[in-house]
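Student: I've got a model open and I'd like to learn how to read it feature by feature. Can you walk me through it?

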Amino acid sequence: MAPTWEQVRGSNYGTMGRTTRGIVHRPDGSWALVWHAPEETWRYENESGEPTFIENTTGTWSRDEGGTMVHSVKSPNTIYATIGTGSPSLLLRAYDVFPARTTHGFDDQRFVGPSAPRAVRVRGRDGWEVSAVDQHANETVTYVFDAELGIAVRWQQGEDWMELEHPSLDYAFEPTLFTWTGPSRSAEDDFAKFHREHEERQRVLAGIPQALPTWLPMTTDVQSQSGDARTSELSVSISGYTPQFTLRRWVTAIGEPKAEWPNDSTPERYRQSIGDWTYEIRSYQEINRDDCARIVDSIVPVDPPERDPAAITAELAAEEHDRREAEVLDALGAGRLLTDHLEGESLLIRTDFTDDAAWRDIAVAAMAPVPQGDDTVFEAYLTCIDNPEYDGLTVDGLLEAIGEPPPDYVFLVDAETVTNPEKPIVTVYTGPDEPERPRGRTFRVIPSEMCGVENNLSIANMDFESFADSADEDGVFRGFPEPVRPIEEVTTREIAHWIANDLDTDALREFHAQIAGRKYRYPVSLFEVELAEVHAQTRDAEHGSRAELLGYDEFLGATSSGGPALRGTVPTHNGYWTFVIDRGSHRPIAAYRITFAPYVPPAPQDGVPQPMKLEVPFVCTEPVDFSMLTDDDDLIDRDVVQRAILAEAARLHPDGDIRGGEPVLRQIPRLVGFSIGCHLQIDGRPVFYVAIVTDVDDTFIVQEVPPEGLRVVGPGED
């Protein structure tokens, strides 16, 4: 049984004031070992064991790109900010996001409307996932709290996330962990460097001739201040407003440069080439295209650079080539040692040294971004190791060199990878040796599929067997097969009509009675199948000892002879129907139903609040697909539900400030026993209500959901 949000939050509150330690992983594949001793003592270490950040009560030390520690002395006038993905404090001090008591409204709005906890696993640990809204960022925030320790082991907001591996509490820290006695320099040196670079950039920009428009669209605002109606004397205040926009320009022959922040995310509104120049207008505001054209036409042009555009283009291309070449050389990992990169990294190890160019091409292809559509790209975050010490390294040699895991997997570029046209890379399981998962098992993966394998293995979203078992007969994983697509999308009403006149078994008659008696249409996908395969799959399926089957033996008999057919499934209250019909005539062949045992809650535990049990005299047994509902269906008016909710809230809280009450659903089916959720604010406190449809029109059973949760129980349920 899942705990309530209040119980999960309480377990996280239990980590307050306790020392914590763990490995924090980020989306780019990097990780850091983090120590924290409340309230403001921290230490981060990178993959090489070097401290990258230290904080104590008097100051901080941060490692810069050159490897030097930069020291800042704390003062009341110092403001610290985290750039990019959030600070590890969002995990180790998650309780700061939803404090028990707040003295100002800001904290009350950082985790609003938490969802019911859902069981998940993060890096091999059980946890409870809860999502809520950060009303300041207007984004959903998702946390996963460790089921055993209560500490947050995953945080996500948008595409940013962090995960905590090997968490521990009450770790005995040496005080020297949170000090730095090695060489460092003052942060004031960084401020001076930044100031110099800023001044130099402004000097360069000031030397570039500006081409400015001489006309702008303007909205005029006039306010009368004083006057005399007899003489028509009048004084008015006049102000003008023009939309804010960015004007970009470039020499057309040289080509468009990459837009820099913040313009890279600003919508483009207009673009036009005039003479030597191309002009572009970007703005978050809507600007009339005719006004944009007039703005550009009014620009007083400047002379382009005197140099040949082709020469400038070649120079820029050479600089970009050098930059990319430096990135590639750094990524190839020349001279790295395997033993320095065993934790938290996805390793790509070169074991064949016969062809340097092939190694480079394979590594670059394996790390190349792969477009997924909708401007989304995935890429493998690999740590390459190019060291002749590993020439000819075998799987057995790799396992010996690693010793005990981690890592749980490693990628190898061997002789077969280099010589095979597909460049299949060896993937080795290096985790714990288990009977069903032997250590040293391998498969190969082509470079274009590396991102899917690495991304999923690195966060334990999929296991090794998921890919190994999906490799082709030659042991190479070339991607998962395309999912079988239905040949037809119909509804339960059409199925009921097709089979109505050919019901020769009790199961078919019961199947028809159920779907024909439904009030609303339900979508059904029909798939082409071979009956012999359906027979084998059904025969070998595990249904569990508590499941009840109707028509199962008849279904096996009807499908045993084989032949083409169409198969579909229809959900029921506590199970589903599986049916097969003739592909041409739609004549029913067979159907069987599996019904699972009703949910039985676990026995109450001492000290653990139990959800409130609400017994109702009916159960809604008809599944509803809300995408199929239309205004022509028999629906309940949302205003009627809201009035019922507000009336009950007013009865329970006669002096409360009650707001909201709108049903969560946009369309509400009129089904007895159907539950409708509604959010309210009572004296500024979020409260959830449930309205249950009764057999009397526009009459509901209304219940305020207590903090420990609510469980609605109908006849025959516990």
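Tutor: Leaving aside neighbours within four places in sequence, H36 is in contact with R18, T19, T20, T41, W42, L92, R93 and F173. Before going on: this is a predicted model, so local features need pLDDT of at least 70 and side-chain atom pairs count only at pLDDT 80 or more, while totals for chains, interfaces and linings use all residues. Residues are numbered from 1 along each chain as its sequence is written, and side-chain values use heavy atoms, with hydrogens and water left out.

Student: Is H36 buried or exposed?

Tutor: Buried means under 20% relative accessible area, exposed over 50%, and partly exposed in between (1.4 Å probe, protein chains only). H36 has 0% relative accessibility, so it counts as buried. It lies in strand β2 (residues 31–37); helices (H or I, at least four residues) and strands (E, at least two) are DSSP runs, numbered from the N terminus.

Student: Which backbone oxygen lies 2.8 Å from a polar atom of the H36 side chain?

Tutor: That oxygen belongs to T41.

Student: How do I read salt bridges?

Tutor: Look for a side-chain nitrogen of Lys or Arg within 4 Å of a carboxyl oxygen of Asp or Glu. The whole structure has 48 of them. In one, R185 pairs with D64, with the closest N and O atoms 2.5 Å apart. That pair links distant parts of the chain: R185 sits in strand β12 (residues 184–186) and D64 in the loop between β5 (59–63) and β6 (69–73), 121 residues apart. R185 is partly exposed at 24%, and D64 is partly exposed at 24% too.

Student: What separates R651 and E648 along helix α16?

Tutor: About one helical turn, because they are three residues apart in α16 (residues 638–652). R651 is exposed, with a relative accessible area of 56%, whereas E648 counts as buried at 17%.

Student: Which residues are linked in a network of salt bridges?

Tutor: R248, E256, E268, R271, E280 and R282.

Student: Now sheets. In what order do the strands of the six-stranded open sheet run?

Tutor: Two strands pair if DSSP finds at least two bridges between them. Here the order is β21-β18-β22-β23-β24-β25, with mixed pairing. β21 (382–385) and β25 (476–477) stand at the edges with a single partner strand each, so one side of each has no neighbour in the sheet. β24 (residues 442–445) runs parallel to β25, joined by two bridges; V445 has F477 as its bridge partner.

Student: And which strands does helix α7 lie across?

Tutor: Helix α7 (residues 356–367) lies across β18 (346–350), β21, β22 (409–413) and β23 (425–429), at about 170° to β21. Axes are lines fitted to C-alpha atoms, for helices over the stretch in contact, and angles run from 0 to 180 degrees between N-to-C directions.

Student: Last one: how many residues lie between the strands in the hairpin of β36 and β37?

Tutor: Two, and D683 in the turn has a positive phi of about 55°. Eight bridges join β36 (residues 675–682) to β37 (residues 685–693), and the strands run antiparallel. The hairpin of β37 and β38 has six residues between its strands, with D698 at a positive phi near 55°.

Note on methods. Contact = heavy atoms within 4.5 Å. Polar contact = N/O pair within 3.5 Å; in protein donor to acceptor, adjacent residues only side chain to side chain.
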